[in-house]
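Dear colleague,

Please find the structure below, handed over for your work.

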Amino acid sequence: MTAVYTFIEAEKTTHTVALLCRLLKVARSSFYAWRSGEQARRARQAADDALAHEITVLHIASRHTYGVPRIHADLRRLGRRVNRKRVERVMRERGITGVTRRRRRSLTRPAKRAVPAVDLLGRDFTAPAPGTRLAGDITFIATGEG
């Protein structure tokens with residue numbers, strides 16, 4: 001809608017606002033409400049520019065490694081009360097990104113050609129007497145060697 005209102009603002013010298021609003025199917029009151037908010041938008045843009053400068057200084061001081069959470073924490077530590085989502089938006093708009101750590105990789109991986117062990121019990125774990133059939137994972141069997 002901003003593009004429509006900008007067009008009406010640019011063309012209001014050649015045509016009436018009522019005609020332009022009727023052709024573009026927007027309410028005239030909406031156009032005037034948009035125009036009255038121009039000062040607030042400029043003030044917000046100036047505040048965002050000042051915040052972006054502070055964020056850039058902190059980002060450079062961190063050797064371009066800090067992301068949104070740490071930048072937000074630093075701003076709070078410096079006494080600047082600002083929302084984390086606003087910091088995120090300003091950083092995204094300015095292309096300021098932190099360094100993300102690599103994903104932790106698993107240390108144990110199954111071998112590609114590993115053959116499963118032979119099932120000597122045939123999944124029958126019933127024993128006629130104690131100590132005749134022993135089954136367990138090799139990591140859980142206690143030995144004298146440790």
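**The largest pocket**

The lining of the largest pocket divides into 3 nonpolar, 3 polar and 2 charged residues (Ala, Val, Leu, Ile, Met, Phe, Trp, Tyr, Cys and Pro count as nonpolar, Asp, Glu, Lys and Arg as charged, and the others, Gly among them, as polar). This is a predicted model, in which local features need pLDDT of at least 70 and side-chain atom pairs pLDDT 80 or more, while totals for chains, interfaces and linings use all residues. Residues are numbered from 1 along each chain as its sequence is written, and side-chain values use heavy atoms, without hydrogens and water.

The lining consists of Thr65, Tyr66, Gly67, Pro69, Arg70, Val99, Thr100 and Arg101, and the space in this pocket is about 170 Å³. A pocket is an open set of points on a 1 Å grid over the protein atoms alone where a 1.4 Å probe fits, with protein on both sides within 12 Å along at least five of seven lines; lining residues have an atom within 4 Å of a point. The volume is the space filled by probe spheres set on the points.

**Helices α4 and α5**

The axes of α4 (residues 38–61) and α5 (residues 68–77) come within 10 Å and cross at roughly 110°. The two helices are therefore roughly perpendicular (65 to 115 degrees). In α4, Leu51, Glu54, Ile55, Leu58 and His59 meet Ile71, Asp74 and Leu75 of α5, contact meaning heavy atoms within 4.5 Å. By class, this contact has 5 nonpolar, 1 polar and 2 charged residues.

How values were computed
Axes fitted to C-alpha atoms, helices over the stretch in contact; angles between N-to-C directions. Helix = DSSP H or I, 4+ residues; strand = E, 2+ residues; numbered from the N terminus. Parallel < 35°, antiparallel > 145°, perpendicular 65-115°, else oblique.
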